[in-house]
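Subject: Structure for you to look at

Hello,

Here is the structure that I said I would pass on. Please open it first and then read the notes below it.

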Amino acid sequence: MDAVVGRFVESVGNFFGGGDQIPWCDRQTITGLEKEVAEAANGTSDEQRSESIMRLSWALVHSRQEEDIQRGIAMLEASLANVSGSPLQTREKLYLLAVGFYRSGDYSRSRQLVDQCLEIAPDWRQALTLKKVIEDRIAKDGVIGIGITTTAVGLLVGGIVAALARRG
């Protein structure tokens, strides 16, 4: 019985808290990767510089700070505009952009990007998992929105009924 109650409490917490399995990145890691990118700008190969920028982009879109996420999105969009790489690189950038937009709350844009990833690699488990997380979040937000609307309508109707009862 305790296990059932524990799972119920955990599911309620996940429902209201997000409960996704997308990892977070801390500020210390981002700072280290920013130093790596700065060092890579001085005399390393284009491939090493590109890899450093991708690692930093990954960290930024997985940050808890909105400004980091937005910076990561901007970096990825700029690198996608100049894409001359393989479909694998494009897929990775689209996926990270989808994570960034998910973290910033733009679920429809995130879903569009993850769908583009799946056009390149239909069986890519990471993208399939992110798509499910996005769809679950959209559904959850819809349920919460319906609940808020229902409550507001109930309060309004209750107020009208109370006002009419006082008059009559």
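**Notes on the model**

At 38% relative accessibility, Arg55 counts as partly exposed, where buried means under 20% relative accessible area, exposed over 50% and partly exposed in between (1.4 Å probe, protein chains only). Arg55 lies in helix α3; helices (H or I, at least four residues) and strands (E, at least two) are DSSP runs, numbered from the N terminus. Leaving out residues up to four places away in sequence, Arg55 touches Leu33 and Glu36, a contact being heavy atoms within 4.5 Å. The C-alpha atoms of Arg55 and Glu34 are separated by 9.4 Å, and these two residues are 21 apart along the chain.

Before going on, two points about the source. This is a predicted model, in which local features need pLDDT of at least 70 and side-chain atom pairs count only at pLDDT 80 or more, while totals for chains, interfaces and linings use all residues. Residues are numbered from 1 along each chain as its sequence is written, and side-chain values use heavy atoms, with hydrogens and water left out.

**The chain as a whole**

The protein chain has seven helices and zero strands. Of its 168 residues, 27% are buried. Among contacts between residues at least 6 apart in sequence, 57% join residues at least 24 apart.

**Helices α2 and α3**

Two packed helices are described by the angle between their axes and the distance between the axes. Helix α2 (residues 27-40) and helix α3 (residues 46-61) pack at about 160 degrees, with their axes 9 Å apart. Axes here are lines fitted to C-alpha atoms, for helices over the stretch in contact, and angles run from 0 to 180 degrees between N-to-C directions. The two helices are therefore roughly antiparallel to each other (under 35 degrees counts as roughly parallel, over 145 as roughly antiparallel, 65 to 115 as roughly perpendicular and the rest as oblique). The crossing of α2 and α3 is left-handed, meaning that the near helix is turned anticlockwise from the far one by less than a right angle; clockwise would be right-handed.

The residues that meet include Leu33, Glu36 and Val37 in α2 and Ser52, Arg55 and Leu56 in α3. By type, the residues of this contact divide into eight nonpolar, one polar and four charged. Ala, Val, Leu, Ile, Met, Phe, Trp, Tyr, Cys and Pro count as nonpolar, Asp, Glu, Lys and Arg as charged, and the others, Gly among them, as polar.

Is Ser52 buried or exposed? At 4% relative accessibility, Ser52 counts as buried. Ser52 touches Glu36, Val37 and Ala40, not counting residues up to four places away in sequence.

**Helices α4 and α5**

The axes of α4 and α5 come within 9 Å and cross at roughly 150 degrees. These helices are therefore roughly antiparallel to each other, and their crossing is left-handed.

**Cores**

The largest nonpolar core has 24 residues, and Tyr95, Ala127 and Leu130 have the most contacts inside it. A nonpolar core is a set of buried Ala, Val, Leu, Ile, Met, Phe, Trp, Tyr and Cys residues joined through side-chain atoms within 4.5 Å. The elements that give two or more residues to this core are α4 (66-81), α5 (87-103), α6 (107-120) and α7 (125-167). Its largest share, eight residues, comes from α5. A second, separate core of seven residues includes Cys25, Ile30, Val37 and Ala59.

Regards
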